[in-house]
Amino acid sequence: MSTPESKERTGRIPVPPARGNNPSTTEQGTTPGSFALPPQIGTPYSFSSPDSPGMPEPSDWTAWDFLPGDWQTGEESAVAPDGFEASTQLEHARLGRITPEMRRVAEREGHLSPGQIRDEISAGRMIIPANKVHLSYGLDPIGIGRAAATKINANLGASPLSSSTEEEVAKLEWAVTWGADTAMDLSTGGDLDRCREAIIRASTVPIGTVPIYSMIIGRSVEDLTYDDILEEIEKQAGQGVDFFTIHAGVLREHLPYISDRLIGIVSRGGSLLAKWMITHDKQNPMYEVFDDICDIMSEYDVSFSLGDGLRPGGLSDATDEAQLREVETLGELTERAWSRGCQVMIEGPGHIPFDQIEYNMKYARRACHGAPFYVLGPLVTDIFPGYDHITSCIGATAAAYHGAAMLCYVTPKEHLSLPKREDVKQGCIAYKIAAHAADVALGIPGSRDRDDELTKARAALNWEEHFNLSFDPETARAYHDEDHDADTDYCSMCGHDWCAVRISREIEMFGSGKAMEYAKLAAETLEAVGTAEDGKAPCHSDKVDDVGARDIQQEQLERSR
Ligand code: SF4
């Protein structure tokens, strides 16, 4: 057995060298920077975490490998047949064109040029969900892809038991106020067509829907026909929906895999389509008419959000056969959609233990050839109903760091009831935290600049600036002002004498030699005020508040002079 004497003391462990890009424009501070991989825009490693051992490699294929059959690969762009008119952002990008929407996305993503945006779209690694109808109403386009900053989605929508069109439009505006980059109208109650139309017209952010919800209003899912599916999709595309969740990846052959799950199928779309398949003993109708759906979506440039109908609904069912086989099918559907000119992102789970998140992200990156991954959470534990915005934003941070491009928020009401206004705010803030933390970790240029400015304001005990730089200034100000005015050089958390930031400022002043005047003044003040029998001056913060202390000091100083 080794003894303490026989062991060697570890030598000095050096500060590790930064590998990734510094997320601060000015590189202020002392941190070595991001530990992620250096960015390689134009490859599957645009911004990427280092792979843990055993992670799937990126796919060798991109959208360039799935051009329509009658297109040719040219020198720098593809060549379409004579007379072809591009409709989607993917088609424009393949032809080498930079659209106004691509320029706008480049403006918003300060670290990417319009050409890089086009190239990421042509490779299928980025989408701009922008229905031409919605663009005519004033949609402000965004890019979703791992080369861009992480985006967040807020789910809205009335249920048969709660809310109205007006409330849902108000919730949309509220969600955008709190940073939602996209919103999904998941209404299953009220006048669905009117609500969707109102939301699209009111929205400057892309709007997504799950069209199967409307398909079964007034009919049971078993009665759904191929024509019903295509008619509803055409109607919603014409209204201006920017992206559709289409659950075409749940196949009949996947259903036996769910029999041993603890919670079966938890996706509404997935469960409805499973019922249809079992009733008719046929393949998923969305899969069967997928090419027709593509044709409608390319006409309006609606993006696919290929749905995860078999996502796990509990930690017990995560990363299982059902889930992974569906993702493989989503990869096949991605290829089919790309070959028909459609933009594609992939939806992801759900409930995943923390240790399995990286694998899930990198599995999807491989199976779906780098198409943007859009994940719900994932929740990393199941036992905190009422706090699932927290359980899921922990998973969402890891998901974005390991490859997800957009995070679908979860509110505190998840699994419990329809979110209200305050829940929307809490969900958005939790997910802005996740997205921002991942962007800083990945080394996205400039993503840490505001953090650094706030750190400087905090170090200077400049409360007003501190509040103004906060994501939610009102809450920060209200919490501070519960106990103090904004002009104190400490707060009630530690108090005057224990305020490390104040003391640190004093040390800095002494260290820099700027504090001589201050030191002289402090000594003079101490002498003038004197100490009481308990050893503490009458202006000590145990005895008076800071205003009282200042008054005593000034009065005694003036007397002594
Ligand atoms: S009192 Fe404590 S918490 Fe407040 S500013 Fe000073 S160090 Fe920070």
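Which residues surround the ligand?

## Ligand surroundings

In this predicted model, the ligand is surrounded by Tyr-490, Cys-491, Met-493, Cys-494, Cys-499, Ala-500, Val-501 and Arg-502. Classified by residue type, this shell holds seven nonpolar residues, no polar ones and one charged residue.

## Overall architecture

The protein has 561 residues, of which 43% count as buried. Its secondary structure consists of 21 helices and twelve strands. Among contacts between residues at least 6 apart in sequence, 70% join residues at least 24 apart.

## Nonpolar core

The largest nonpolar core comprises 120 residues, and those with the most contacts inside it are Met-297, Leu-407 and Tyr-431. Helix α15 (residues 421-442) contributes the largest share of this core, with nine residues.

Leaving aside residues up to four places away in sequence, Leu-407 touches Thr-150, Ile-152, Val-375, Ala-396, Ala-399, Ala-400, Tyr-431, Ala-434 and Ala-435.

## Helix α5

Just after the helix, Gly-179 takes a positive phi of about 100 degrees.

## The loop containing Gly-309

Gly-309 lies in the loop between β9 (303-306) and α12 (321-338). Is Gly-309 buried or exposed? Gly-309 counts as buried because 32 C-beta neighbours lie inside 10 Å.

Not counting residues up to four places away in sequence, Gly-309 touches His-247, Gly-249, Val-250, Ile-265, Ser-267, Gly-269, Gly-270, Leu-273 and Glu-326. Gly-309 and Leu-273 are 36 residues apart along the chain, and their C-alpha atoms are separated by 8.7 Å.

## Backbone features in loops

Two cis peptide bonds may be described here. One joins Pro-349 and Gly-350, with omega at about 0 degrees; Gly-350 is placed in the loop between β10 (344-348) and α13 (357-367). Another joins Gly-377 and Pro-378, with omega at about 5 degrees, and Pro-378 is found in the loop between β11 (373-376) and α14 (388-401).

Positive phi values also occur at residues other than glycine. Asp-301 has a positive phi of about 60 degrees and is located in the loop between α11 (290-300) and β9. Asp-301 is buried, with 28 other C-beta atoms within 10 Å. His-415 has a positive phi near 70 degrees and sits in the loop between β12 (406-408) and α15. His-415 counts as exposed, with 12 C-beta neighbours inside 10 Å.

Note on methods. Residues numbered from 1 in each chain as written. Predicted model: local features only at pLDDT ≥ 70, side-chain atom pairs only at ≥ 80, totals over all residues. Core = buried A, V, L, I, M, F, W, Y, C linked by C-beta atoms within 7 Å. Buried ≥ 20, exposed ≤ 12 C-beta atoms within 10 Å, placed from the backbone. Helix = DSSP H or I, 4+ residues; strand = E, 2+ residues; numbered from the N terminus. Contact = placed C-beta atoms within 7 Å. Near = placed C-beta within 6 Å. Nonpolar A, V, L, I, M, F, W, Y, C, P; charged D, E, K, R; others polar.
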